[in-house]
Every structure is written in C-alpha cells, then in structure tokens.
Amino acid sequence: MNDPIIRFEKVNKWYGNQFHVLRDIDLQVGRGERIVICGPSGSGKSTLIRCINGLEEYQQGRLMVDGIELSDDVRSTERVRREVGMVFQQFNLFPHLTVLENLTLAPTWVARMPKKEAEERAMQQLRRVRIAEQANKYPLQLSGGQQQRVAIARALCLTPKIMLFDEPTSALDPEMIKEVLDVMIELAGQGITMLCVTHEMGFARAVADRMIFMDEGQIVEENTPIEFFGHPKSDRTRDFLSKILGH
Amino acid sequence: MRATLAAVAARAAPPQHRGPLRWIRTELFGNWVSGVATLALVGLLAWWLWGVLDWAVLHAVTAPNLEACRAARGSGACWGAVVEKYRLVIFGRYPYGEQWRPLAATLALLGLLIASCIRACWTRWLAVAWPIVLAFFFVLMGGGVFGLASVPTDRWGGLPLTIMLSTFSIVLAFPLSVLVALGRRSALPAIRSVCAVYVELVRGVPLVSVLFMASFMFPLLMPPGFAIDVLVRVLAGGTLFAAAYLAEVVRGGLQAVPVGQIEAAASLGLGYWQRQRKIVLPQALAMVVPGIMNSFIATFKDTSLVTVVSLYELTGSFGLAFDSDAEWRPYKGEGSLFIAAIYFAFCFSMSRYSLWVEKRLSRGRAR
C-alpha cells in the first residue's frame, strides 16, 4: 500500500502490568479506505481505534497518523486530533451546551474560527445528518438516535480526514439504529477514511472495503467482506460469525 | 382465535383531592387522637408565641433608657441597649466621628457584591469596577490621603471588617480551590502530592491555630524590619483555610463528571485548560453549588474567629460594646439577637442566591 494514512508497526499495549491488550499490531489503512473491525468483547478493538487519536497510549512500536507520529508529546497528539473525528458508544455530547454550541466548540476554540463562520458550518453539518431543526435544544432533550447523529455532526465540524466509530449503535434502541447507520452509509460514500468498530454486519457488508477480526489483542483475520463472510479463514472467525449472525 | 386490540383512548387523570381545608381535615383531624394532639400543640405554640410577642414587643423598652430597662427586666426586652450600642457594634473601635467612612466604604463594597451576583451586570465594566471599588474601600477605611485622617487597621472593626474579610476569603479561596482540586487529579505525581499535603495539613488543624500562626508566629520567621500588616496575614490564613475545604467540595464535583466527557473534548482537539474550562468545570461546579455555598456561608461566619488575634469584627465588636460597659452588660442577650439578625440576613441571602443559581444551571439537564 503506498502512502497509508494510518500505519501501526508492531504496536503493543498493556493495561497495568498484566493485561496485554494489543499484541504486535501491524496495520496499514489507505486514504479513503473504510474498515470495519469486529471481535468479541475484550479483544482490544476499541483500544485499537482509541490509539489512533491518542485516547490510549501504547508502550511499544510505532503509530503514524497522516505523517505524524503519536508519541508522549502533547502537541503531536493535539495535531493528530484535529485530523481525526471520533464517535462514541455513549454519544458523549456536552449536556450543558446546546446542540449548536456542541458543534461550534471545537471550531471556535481549536481552529479559532469566527463565531459566525463556525455556526454556519455547524448548521451545514446538522443538515447533513438531518437534524438542523434541533440546533437550539439541549442534548438530553433529544432521542438516542438524534443524539448520536449530533455527535457525528460534531466530529465532522473540523473536517477530519479520518473518522473513528466506537460501537456507535450499541447503546441505541433498535428502532433508532437505522437512522444512525443511514447517516454513516452516506458518509462512507464521500471519500473519508473510516474505521468502525461495530457488530452491524449488514452495514459492514454495505460499506466496508476491508473487514478486520480481532481476538485476544491480535488481528486474527483481515479480508474483503465477501471473502470474510463467505469463506472465513480461521476457525475462530467462523465461530464468532456463527454466533453473531446465527440469532 | 386472534384477539383484536382495541385502541384505548387517552383519558384525563382522576381528580386529586387537594387544598388546605381537605389537608387539615384528613391530616390534622383524621381521628379524635390526632384532633386532640393538634389542638394541644396549637395551644402550646400560641402560648409560646404570645410569650415571645409579650417580651419582644408589648413590654419591650425601645428607648436607650437604663432606668426603664431595669424596671422591665424579666418581663420585657431592652432594645434600648441595641439603640445605645449599635454604632459600637457595627463599626467597632473605628473613630466615632469618622464612621461615615466605613459606612460609605461598606455600602460601595456591598453594591459591588450584589452587582456581581446579577447576570445582567456581567460585563466588562464589572471587571473594571472591582479594583476601583476595592481601592475606594481601602482608601476610605485607611485614610492618610485626600485629607482623610489615617486610621490604622487595628482600629477597623465591626460589620465592615466582617464583610471585607469574607469577601476576600471567598473571592480568593474560590479560584485557589479550583486549582487545588484540579491539581489533586493531575497526571503529574508531584503536583498531586503537593495539593494533597496542602489540603490535609490545613484541614487537619483548627482555624484558630491558623490565625494564631498568621498573627504571632509568622512575624517571628520574617527578617527584622520586614512587616506585613496583621490584617493581610490573617486574611491570607483565612483564605488558605477556606480554600482547603472548598477544594474538596470542588473535587467531588470533578469526580462526578463522566470520563467520556473529557474524552470527547480531547478527541475534538481541546487542550487541557480548554477541556477544564469549557467542559469539566461548568458541569462539576454546577453539581456542587449547594456544597460551595455551604463553604461560603461557613467562611462568612468563621470570620468571627479573628477576634482571637484582636481584630474586632462584628462578633468581636459586639463583645467589646457590652463587656466593657457594666451598666448595659445585663442586656447582652438583646444585643446578641441583633447581630444574629445581621448574620442571618446575610446567610439567608446567600442561600437564596445559591438556589437561584441551581435553578439556572439545571436548564437543559431535564429531559
């Protein structure tokens, strides 16, 4: 792969002294590539994507994001974070700020954008996730699906090159999953690099360029969705798929 | 067989029987036992209230007349003692002829404090007004310029001193406590331990001993000829003391902010101070408004302890006013009700204000 936007080189991470959560991770992600990561809980998939924007530190190896090495240096981490947007399982909207203020916060304070421009851009993003009419409400006045769409819009406000999704639909009522996935599918068609931890296999089939299966801190298998779902190579993958697709 | 589900139309809730009359009938006179108990308690209360009214109003002496007070002793209050002594209680040992100065200075400071509590006044002018009013306060109190006679700080006293000490302790302790609370959660072990040691050390000793140290021991540690006014030293001691308690209240709030909030702010590229200022502190402080106000009120009343280092704020000047005068000393009780009313007025205003702040901050929190 020439010029990958994300490059993991033998990355290792431990929680405390005992728990080896990431083991010799080698991974390259191309520009515009859409990757879906799945695996049992505790397999390290969330930790993996949280390393990409420095929410987790790693102890060994090298991690380059858009030409910047993530290290102990706070400034390099902050530079990377401007290039990377993240959407969380629990939305993590700021409850004391209105929807619009949630979106304009980073543009005004991180990118030093004038207030008016930041608001215009925020409204543009809110229209993109079809929720512009809620701009002046507070997050807790919205449904879970609406909150998650606001969170996606918020992450897009700094026009990131990479979007990370950490189980974005796991905390949603079943009725609301679709409205969030629709927004994500739309986004996937617009050339942004996406890494998505999810068990929504329909979504994975529809948008993923590559599937990654993790178990016990390792990347067990990576393949195109057709191969991954049709002819999983390892027994562990086959076992996992039979469990999540079986019900 | 398939049951068809008939839609149930929404109905109004059944009427709730409320209203004071109904409440009295069911709760106070539900059966004959509670009826008798109610009547007995109402009778007792009425008898007691009549006694208070009789003492405080009907048989009270309001003129500063010692003979009349002696005659009414045991049956009526001697408010005349308050009329006689109120200037000494409120202004302490400040020179009698110059007492317009602490009055004007205190009114200006109170005006500033009230303006600072009103949202509409939170403009740039308020930031300009603070140093101006404080300078006005100290120039007027201390004198020595503009033809004002110089009054040394050990003559300052009464309510002006109480308000000045509390204002400074609270205004300085609050930001300090926020820094200490953040410090105790810092990623750097050195900062964490310094803050923890400070809190534990200061919280572990009585305020009186902090004031003694500030007043008597601190000067011994200074090189000769180097002197800091006792008022400043006591103020510093009180501030450090208040900040230690307040820091723990603030830390409680910080711990209640979910870690996801900090991660979300970090993932948006906000730096440490931006995260604290924009995301963590607004939520943390809003959650601990009652605890913060608790500390503020305690600090306000703790100023009465500076008496131990011979600064006569409201409580001290009250003691001075009555203890030094054998004739009026028997009516110290009436005097204590007077200063209690002053303290209550301030503390009650603070607590009402904190309720208002809580209500304002809870917007957007409710579903």
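Leaving aside neighbours within four places in sequence, Gln146(A) is in contact with Ile131(A), Gln134(A) and Glu179(A); contact means heavy atoms within 4.5 Å. The model is predicted: local features need pLDDT of at least 70, side-chain atom pairs count only at pLDDT 80 or more, and totals for chains, interfaces and linings use all residues. Residues are numbered from 1 along each chain as its sequence is written, chains are lettered from A and ligands numbered from 1 in the order in which they are written, and side-chain values use heavy atoms, with hydrogens and water left out.

Gln146(A) sits in helix α5 (residues 144-156) of chain A. Helices (H or I, at least four residues) and strands (E, at least two) are DSSP runs, numbered from the N terminus. The relative accessibility of Gln146(A) is 18%, so this residue counts as buried. Buried means under 20% relative accessible area, exposed over 50%, and partly exposed in between (1.4 Å probe, protein chains only). Pro174(A) belongs to helix α6 (residues 174-188) of chain A. Pro174(A) is exposed, with a relative accessible area of 70%. Along the chain, Pro174(A) and Gly145(A) are 29 residues apart, and their C-alpha atoms are separated by 9.7 Å.

Chain A and chain B bury about 2,100 Å² between them, 60% of it on carbon and sulfur atoms. Buried area is the accessible area (1.4 Å probe) that two parts lose on being put together, summed over both. Of the area that chain A buries against chain B, 27% is supplied by His96(A), Trp109(A) and Leu140(A), more than by any other three residues. The contact takes 24 residues from chain A and 24 residues from chain B.

Across this interface the rule finds 1 salt bridge. A salt bridge is a side-chain nitrogen of Lys or Arg within 4 Å of a carboxyl oxygen of Asp or Glu. The side chains of Arg50(A) and Glu263(B) meet in such a bridge, at 2.6 Å from N to O. Between chain A and chain B, 6 residue pairs are in polar contact, with both residues at pLDDT 80 or more. A polar contact is a pair of N or O atoms within 3.5 Å; within protein, one must be able to donate a hydrogen and the other to accept it, and residues adjacent in sequence count only if both atoms are side-chain atoms. On the side of chain A that touches chain B, the elements giving two or more residues are α2 (74-83), β6 (84-87) and α3 (99-109) of chain A. The largest share, 3 residues, comes from α3(A). By class, this side of chain A has 15 nonpolar, 4 polar and 5 charged residues. Ala, Val, Leu, Ile, Met, Phe, Trp, Tyr, Cys and Pro count as nonpolar, Asp, Glu, Lys and Arg as charged, and the others, Gly among them, as polar.

Over all chains, the structure holds 32 salt bridges. Arg50(A) also meets Glu56(A) in a salt bridge (3.0 Å, N to O). Both Glu56(A) and Arg50(A) are buried. Asp3(A), Arg31(A), Asp66(A), Glu83(A) and Lys161(A) are linked in a network of salt bridges.

Other bridges lie within helices. Asp239(A) and Lys243(A) form a salt bridge (3.4 Å, N to O). Both lie in helix α9 (residues 235-246) of chain A, 4 residues apart, about one turn of the helix. Asp239(A) is partly exposed at 33% relative accessibility, whereas Lys243(A) is exposed at 56%. In chain B, Glu200(B) forms a salt bridge with Arg203(B), with the closest N and O atoms 3.3 Å apart. These two residues are 3 apart in helix α8 (residues 189-203) of chain B, so about one helical turn separates them. Glu200(B) is partly exposed at 40%, and Arg203(B) is partly exposed at 31%.

Helix α5 (residues 100-117) of chain B has 18 residues and should span 26 Å at 1.5 Å a residue; its end C-alpha atoms are 26 Å apart, which agrees. The expected span is 1.5 Å times one less than the number of residues. The buried residues of α5(B) include Arg101(B), Leu109(B) and Leu112(B). The buried residues of this helix pack against α4 (80-91), α6 (124-142) and α7 (158-184) of chain B.

Most residues other than glycine have a negative phi. Lys10(A), not a glycine, has a positive phi of about 45 degrees. Lys10(A) lies in strand β1 (residues 6-15) of chain A and is partly exposed at 47% relative accessibility.
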